[in-house]
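I opened the file to look up a few things and kept notes as I went. The entries below follow the order of the looking.

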Amino acid sequence: MRTDRSLITGFLLALAFGLGIALTQQQEVDPFKEAQRQRELFRQTAGILPGELYAAQGEELFAQKRGPRNASLEACDFGLGPGKLEGAHAQLPRYFADTRRVEDLETRIASCMVRLQGFKLAEIKREDIKALSAFVASKSSEMPLRVVPRTSQEIAMYNLGRELWFHRAGNRDMNCSICHDAYAGSRVRLSPVRSPRQGLSNEWPAYRFEADKLYTLQDRIAFCYVSIGIAAPEFYSEPYIALSVYMLAEATRGRNSLTEMPGFTR
Amino acid sequence: MKKRYFGWLLAVLLAGLTLSQQGPFQQRVNQAIQSGGSRFAEAMKQDPDQALCSIHRDRLPPELAGAFLERQRALIKYPANGKLMGDWKQGEALFTDPRKGNCYACHTGDPKEAGAGLLGPGLVGYGQRGISEPVVKYTYDKIYNAWATMPCSLMYRAGVHGILTPEESAHVTAFLLEPASPVNARR
């Protein structure tokens with residue numbers, strides 16, 4: 001791997017430093033300002049953000065000839081033409097005629113690895129998908145969202161997503177809406193709660209400094225389900241794609257842009 | 001005469017069949033949920049009132065509210081000793097524990113607790129209502145089954161789902177109402 005070892009050391013040092021500060025901090029903090037502060041800390045001590053490390057790793061994986069067909073992912077079409085990555089993340093999920101499915105960023109990367117590189121879906125590593133997502137997303141940093149369901153398949157997926165959004169279940173009696181619509185602008189513990197119209201889901205994939213991990217949108221939705229007492233769906237399954245279409249189409253209607261990509265958040 | 005009887009029977013059977021069948025959209029929703037795997041599908045199963053809240057987007061029409069509240073009230077169980085005020089110290093632990101009450105996610109309580117959520121009404125000084133029997137019962141019922149007073153509210157039914165036993169619900173009630181509890185500390 002070409003990634004500089006000193007960078008990783010710097011990254012770990014910064015992490016220890018950041019955690020030390022986070023743990024000694026007791027008073028009430030503004031969550032947004034705290035994220036900004038943590039981000040600056042990484043910039044100053046490591047000179048690089050963790051999300052950028054993932055994206056660099058993804059860039060290598062993208063260009064490498066891999067899999068049974070010994071092919072790179074450079075011919076993967078994210079909706080703007082083969083290999084066209086600029087702005088691709090801002091218009092996903094969308095319908096793809098070649099797989100006859102609506103696919104989000106992660107599912108599209110997985111289906112390209114299957115079709116172009118000859119991998120079996122079950123043998124694709126989650127870590128590879130995360131790094132590749134970070135790389136592809138980095139080409140859409142701060143771009144306006146453009147998720148507008150047009151085909152019948154996309155509209156059907158939007159409607160499914162809205163239904164799941166309101167589906168109350170589990171021993172905590174939750175759905176997405178009861179917090180994200182009814183209490184948008186409020187806080188669960190220190191976490192700000194946003195509605196889709198306010199741009200919810202526009203920061204993923206992102207490095208979460210509290211978890212010290214890169215989370216894709218599917219990881220984040222899974223985390224939501226688990227925290228309301230519902231076992232998360234299997235990755236790349238329809239609930240993720242449907243919810244992503246719903247949230248990102250609503251965020252598009254609210255004229256939101258992607259944040260810096262990969263995002264940096266708590 | 002016999003013909004007419006069979007005609008009616010057929011109509012009733014057909015009507016029953018149509019009503020018990022899910023529409024194509026609901027079938028498609030179920031298919032999507034199944035695609036998430038068996039553990040997810042199992043967890044996404046709804047009881048009838050969860051389904052009712054979902055259909056009405058958490059805003060139950062007034063004509064359905066009476067029966068809804070009645071069904072939920074019937075689910076409330078009380079401690080065997082009949083005491084709805086338990087031990088506030090145990091209540092504090094249950095109130096705080098994310099695996100039990102997890103109440104700080106949405107409510108303030110002990111004013112010293114940092115970073116309490118703001119989704120629910122703040123509970124600092126809740127005990128100023130006193131500890132008359134109706135106040136204690138209202139508080140206990142709300143903790144045990146929030147949907148028995150407010151259909152489809154965000155607050156989950158801790159007692160109904162067994163997250164809090166009746167005795168534990170009484171402890172949390174005491175944490176909110178007991179004058180000695182930090183919730184009601186003089187400031």
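This is a predicted model: local features need pLDDT of at least 70, side-chain atom pairs count only at pLDDT 80 or more; totals for chains, interfaces and linings use all residues.

Entry 1, backbone. I began with A:Pro262, which sits in the loop between α9 and β7 (263–265) of chain A.

I then went to A:Pro93, in the loop between α3 (50–63) and β1 (94–96) of chain A. Here too I noted a cis peptide bond, from A:Leu92 to A:Pro93, with omega near 0 degrees.

I also stopped at A:Arg100, which belongs to the loop between β1 and β2 (101–103) of chain A. A:Arg100 is not a glycine, yet its phi is positive, about 55 degrees.

Entry 2, interface of chains A and B. I asked how many residues each chain gives to the contact. Chain A gives 37 residues and chain B gives 43 residues. The area buried between the two chains comes to about 3,500 Å², and 56% of that is from carbon and sulfur atoms. On the side of chain A, the residues that lose the most area to chain B are A:Arg168, A:Arg172 and A:Arg189, which together make up 23% of what that side buries.

Next I looked at polar pairing across this interface. With both residues at pLDDT 80 or more, 26 residue pairs are in polar contact between chain A and chain B. I listed the elements of chain A that give two or more residues to the side touching chain B: α6 (152–165), α7 (177–180), β3 (187–188) and α9 (238–253). The largest share of that side is from α6(A), with 6 residues. By class, the side of chain A that touches chain B has 18 nonpolar, 9 polar and 10 charged residues.

Side chains of opposite charge can pair when their charged atoms come close. I counted 26 salt bridges over all chains, and 5 salt bridges across the interface of chain A and chain B. I wrote down two pairs by name. In one of them, A:Arg189 meets B:Glu113 with an N to O distance of 3.1 Å. A:Arg189 had already come up among the residues of chain A that lose the most area to chain B.

The other pair is A:Glu163 with B:Arg57, whose closest N and O atoms are 3.0 Å apart.

The elements that supply two or more lining residues are α2 (24–35) and α3 (38–43) of chain B. Which of the elements gives the most to this lining? The answer is α2(B), with 4 residues. I sorted the lining by class and got 3 nonpolar, 7 polar and 2 charged residues.

I searched the whole structure and found 1 cavity of 30 Å³ or more. The space in the largest cavity is about 150 Å³. I counted 17 residues in its lining, and those nearest its centre are A:His89, A:Asp104, A:Leu105, A:Leu217 and A:Leu248. At least two lining residues each come from α4 (105–115), α8 (217–227) and α9 of chain A. By class, this lining holds 9 nonpolar, 6 polar and 2 charged residues. I noted that α9 of chain A is also on the list of elements touching chain B.

Methods
Residues are numbered from 1 along each chain as its sequence is written. Chains are lettered from A and ligands numbered from 1 in the order in which they are written. Side-chain values use heavy atoms; hydrogens and water are left out. Ala, Val, Leu, Ile, Met, Phe, Trp, Tyr, Cys and Pro count as nonpolar, Asp, Glu, Lys and Arg as charged, and the others, Gly among them, as polar. Contact means heavy atoms within 4.5 Å. Buried area is the accessible area (1.4 Å probe) that two parts lose on being put together, summed over both. A salt bridge is a side-chain nitrogen of Lys or Arg within 4 Å of a carboxyl oxygen of Asp or Glu. A polar contact is a pair of N or O atoms within 3.5 Å; within protein, one must be able to donate a hydrogen and the other to accept it, and residues adjacent in sequence count only if both atoms are side-chain atoms. On a 1 Å grid over the protein atoms alone, a cavity is a set of points where a 1.4 Å probe fits but cannot get out, and a pocket is an open set with protein on both sides within 12 Å along at least five of seven lines; lining residues have an atom within 4 Å of a point. Grid points are joined across faces, edges and corners, and a volume is the space filled by probe spheres set on the points.
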